[in-house]
Amino acid sequence: MKAMVINEFGGSDQFTQTHISDPAVKAGHVVVRVAASSVNTIDMMIRQSGADLPFAPQLPGVLGMDFAGTIEAVGEGVTEYKVGDEVYGCAGGLGDLQGSLAEKMLADVRLIAHKPASLSMKEAAAIPLVGITAYEGLTRALTGEGQKVLIHGGAGGVGHIAVQLARYMKAEVFATGGSGEQKEIIESLGATYIDYRSESVEDYVNKYTDGNGFDVIFDTVGGNNLQNSFAAAKLNGQVSTTLSLLETDLSPVHFSGLSLNVVFMLLPMIHNVGREAHGDILKQLASIVDAGALKPIIDREDFTFEQIAQAHDRLASGKAVGKVVVTVE
C-alpha cells in the first residue's frame, strides 16, 4: 500500500511516498482504509525532533494520529464493529503504532468510535485529538451549568472545540483571541470575545466576573500565559492546561487554592493504559456532534495525501484557520 514515510527527523521535506506492507489484523484491532487525516502540532513536533522524544516512532516511520475511514478487517474478539463501518479515532503515529498517513492502518478498537453520521470523513478526521483534549480539560475541571468558563485561544484547534463543549455543558463561555478573524469565530460559536492585546487580565476579570474570577480556566496557549490563567481564576477555582512545559511560579496557585489539571491526551496511546476512556469520549463526542452542538472548523486550504509536506507547512505558518486536513482517497 502507499504511505508517506519519513526516513529521518527534520523538515517537512523529509516526507517520501513509498510502498509498505498492508497491516495484518490482530485480536482487539481493526484494519481501517483511511479516508482523511488531520495535522496536529504534535505531528510536527515528532517530525522535527522525534529523536528527542521518548514516544517517537522508529524510522522509517509513518506519522499521523487522527483519522477517519472504513473498516476492512476485524480482529478476534471485536464485537462492536464490522467490515464496512465508518469510524474515527486517534490511534497511531507514535511508538510502535503505525500512523494514518497510509492507505490503511491497524487501530486498537479501544481508541476508536463510529464516525459521527452528520460529518464528512474530512470533518470527522479533524476531531479526535483536539476533541478528546478539550473534553478532558473541561471535565477534569468539573465544568458545569451556570459556571463562567474562560478559554484561552478560543479560535484554535483545541480552543474552538472547547468553546462548543463548554456551551453544551451549559456554561457561560468567554474566550481570548488576537485578531478580527478570531473574534468572528469565537462569537459565531456563542462565546464572548476577549481581545488579549487590548484588555488586561484585571480588566476582563472585573468586567465579566465583578472581580471574583472565572470558575474554570482552560489554557490552550500555555507558557507564560499560565500566569494569566492563575490571575483570572476565582478562589478555589479550576485551571486546565495543555501546555505546561516550563518552570513557573506556583505561588498564585497556592494562595488562591487553585486546582491545576495538566492534559496530555497521548498517555493512553504511549503507555497502553486506560485506552477505553478515549473510545468512550469519542462516542460521546459523536453523539454531541449529531445533536448539532459541535462542528469542527476546517481550514480553507485543501491537501491530498501526497501533499502532507505542504499541509505541515500550512499549520506551521500560523495562517491556518481551523484544522488542517489531508484526504487520502
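Helix α6 (residues 201-209) and helix α7 (residues 225-232) have axes that come within 10 Å and cross at roughly 30°. Axes here are lines fitted to C-alpha atoms, for helices over the stretch in contact, and angles run from 0 to 180 degrees between N-to-C directions. Helices (H or I, at least four residues) and strands (E, at least two) are DSSP runs, numbered from the N terminus. The model is predicted: local features need pLDDT of at least 70, side-chain atom pairs count only at pLDDT 80 or more, and totals for chains, interfaces and linings use all residues. Residues are numbered from 1 along each chain as its sequence is written, and side-chain values use heavy atoms, with hydrogens and water left out.

Because of that angle, α6 and α7 are roughly parallel to each other. Angles under 35 degrees count as roughly parallel, over 145 as roughly antiparallel, 65 to 115 as roughly perpendicular and the rest as oblique. On the α6 side, Val201, Tyr204 and Val205 make the contact; on the α7 side, Asn228, Ala231 and Ala232 do. Contact means heavy atoms within 4.5 Å. By class, five of these residues are nonpolar, one is polar and none is charged.

Helix α1 (residues 41-49) and helix α11 (residues 308-317) pack at about 110°, with axes 10 Å apart. α1 and α11 are therefore roughly perpendicular to each other. Thr41, Asp43, Met44 and Arg47 of α1 meet His312, Leu315 and Ala316 of α11.

Next comes helix α10 (residues 276-290). Its 15 residues reach 21 Å from first C-alpha to last, close to the 21 Å expected at 1.5 Å a residue. The expected span is 1.5 Å times one less than the number of residues. Several α10 residues are buried, among them His278, Ile281, Leu282 and Leu285. Buried means under 20% relative accessible area, exposed over 50%, partly exposed in between (1.4 Å probe, protein chains only). The cover over the buried residues of α10 includes β5 (86-90), β7 (112-114), α3 (128-140), α4 (157-168) and α9 (267-271). After α10 comes Gly292, with a positive phi near 85°.

Finally, look at Gly154, in the loop between β8 (148-152) and α4. Gly154 counts as buried because its relative accessibility is 0%. Leaving aside neighbours within four places in sequence, Gly154 is in contact with Gly159, His160, Val163, Ala175, Thr176 and Ile186. Ile281 lies 127 residues from Gly154 along the chain, and their C-alpha atoms are separated by 21 Å.

How values were computed. Nonpolar A, V, L, I, M, F, W, Y, C, P; charged D, E, K, R; others polar.
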